[in-house]
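Student: Hi! Could you walk me through this one? I'd like to ask a few quick things as we go.

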2 protein chains.
Amino acid sequence: MAGSRASIDELVRSLKPSELAKMIDHTLLKPYATVEDLRRACEEAKRYGFAALYVPPWLVEEAAKLLEGSGVNVGTVIGFPLGFTPTKVKVFEAREYARRGAKELDFVVNLMALKSGDLEMFRRDVAEVVAAIKELGCVAKAILETAYLSEEEKVIAARIAVEEGIDFLKTSTGFAPSGATLHDVMLLAKIASGRAGVKASGGIRHAEDALAMIAAGATRIGTSSGARIMEEFLKLRERLRP
Amino acid sequence: MAGSRASIDELVRSLKPSELAKMIDHTLLKPYATVEDLRRACEEAKRYGFAALYVPPWLVEEAAKLLEGSGVNVGTVIGFPLGFTPTKVKVFEAREYARRGAKELDFVVNLMALKSGDLEMFRRDVAEVVAAIKELGCVAKAILETAYLSEEEKVIAARIAVEEGIDFLKTSTGFAPSGATLHDVMLLAKIASGRAGVKASGGIRHAEDALAMIAAGATRIGTSSGARIMEEFLKLRERLRP
């Protein structure tokens, strides 16, 4: 079962470190981080070969320079973390960040429209932002911020995002009271059922948690603890070696 | 002394309810609020005659319709709450929200540039955003998010914002671990020394706290508890009546 010791051990045995790294979106999104922190995060991303490094929008250009030729994509966030900016602003952000070198773009959906039952507005926002991101040749991830949603709202939001062609359903911003849960990852994976990936994020700080999320159906892990997770994974492998 | 019982009682005696109301920026910025919550907040804003009602950017147009002719300004937020979007995006937001009817615009400064010691970048961001907001004929408020700043950083940020012509220095977004303190309000009031107002925000939920902030030098109170503060103020007045 996902999250069980057995499912984690199985992944420690079967997953290569480079494969795990390519499932990790390493993240530096603290508002009080420094440019020095950015340089360190870029070094980590290159050392382990993460899928992407997520940086604050104003640092995309700098990160793109530092990561050039490394195979690590620059990612950034749109309408973050509250999702309540107009679609027009989200689209402007997407274009601006792609122009500066971002390849993966995570936007927060309009939670208020969802909560207000205005599903037409909710869908239009998702559709226009996804279309803009894909037109730019970037990967589109919709952050649902599941901490604020009922079960029903999670299902509606995920279904609409998949219908509108999202590349990844993402659980959390990391700025809500809680982050990814195994339950939510399993729910999103079931709804995506192969048509979209699932990015588990928010509060994932150790290898066991990352692996449990993967066993539950996550295809990408968003975390500011990418380096620690890789080191812990290498130790787990040592321990299980015959 | 600011915050003392005596200073609060003095304000209860001297301040008219309508004067207090005109110092309050009533606020609805929860990501999980509904359109129904917006209608309620508009009713409260009209009933008490607040200075402004702050709403999520995508609802500015709706709020402007609901508040038309009421004397209550529509306010909204830019680069909120993390402040790490590029200046160009902040300026785009300002123009978009003014066009939709916002009259007061609070933007979060680039905390990362400040923390990284890149004061030129920090100043340029503030200068361009303030210039854009004033060109639009709107009131400009710079959110410093003091919870994340050292004393020295607070002073530097406040001085630069005042030099660049800000209308109000604002303490907090309400999304950091802590909000306005009397200490910070006094510090900002000293630096502003009449050249800018001071907006105390974050965690102000009762009349005594609002009045203590005013005694400390705040000229505007940002709060989602505007209605409660007014009701409590009216009760405090009853109690002190000779």
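This is a predicted model: local features need pLDDT of at least 70, side-chain atom pairs count only at pLDDT 80 or more; totals for chains, interfaces and linings use all residues.

Student: Let's start with His26(A). Where is the place of His26(A)?

Tutor: His26(A) sits in strand 1 of chain A, which covers residues 24-27.

Student: Is His26(A) buried or exposed?

Tutor: His26(A) is buried, since its relative accessible area is 2%.

Student: And what does the side chain of His26(A) reach?

Tutor: It reaches the backbone nitrogen of Gly226(A), at 3.3 Å. Leaving out residues up to four places away in sequence, His26(A) also touches a set of residues including Ala41(A), Glu44(A), Phe50(A), Tyr54(A) and Thr223(A).

Student: Switching topic: how many disulfides does the structure hold?

Tutor: Zero, over all chains.

Student: Are Cys138(A) and Cys138(B) buried or exposed?

Tutor: Cys138(A) is buried at 7% relative accessible area, and Cys138(B) counts as buried at 8%.

Student: Now helix 4 of chain A. Which residues of helix 4 are buried?

Tutor: In this helix, residues 60-67, the buried ones are Val60(A), Ala63(A) and Leu67(A). Viewed down the axis of helix 4 of chain A, they fall within an arc of 65°, so they line one face of the helix.

Student: What do those buried residues pack against?

Tutor: The buried residues of helix 4 pack against helix 3 (35-48), strand 2 (52-54), strand 3 (73-78) and helix 5 (87-99), which belong to chain A.

Student: And what is helix 4 of chain A followed by?

Tutor: By Gly69(A), which has a positive phi, near 75°.

Student: Which residues lie nearest its centre?

Tutor: The largest cavity is lined by 23 residues, and Gly79(A), Phe80(A), Thr85(A), Phe80(B) and Thr85(B) lie nearest its centre.

Student: Which strands and helices supply the lining of the largest cavity?

Tutor: Strand 3 and helix 5 of chain A, together with strand 3 (73-78) and helix 5 (87-99) of chain B, each supply at least two residues of that lining.

Key
Residues are numbered from 1 along each chain as its sequence is written. Chains are lettered from A and ligands numbered from 1 in the order in which they are written. Side-chain values use heavy atoms; hydrogens and water are left out. Helices (H or I, at least four residues) and strands (E, at least two) are DSSP runs, numbered from the N terminus. Buried means under 20% relative accessible area, exposed over 50%, partly exposed in between (1.4 Å probe, protein chains only). A polar contact is a pair of N or O atoms within 3.5 Å; within protein, one must be able to donate a hydrogen and the other to accept it, and residues adjacent in sequence count only if both atoms are side-chain atoms. Contact means heavy atoms within 4.5 Å. A disulfide is a pair of cysteine sulfur atoms within 2.5 Å. The arc is that of the directions from the helix axis to the C-beta atoms. On a 1 Å grid over the protein atoms alone, a cavity is a set of points where a 1.4 Å probe fits but cannot get out, and a pocket is an open set with protein on both sides within 12 Å along at least five of seven lines; lining residues have an atom within 4 Å of a point.
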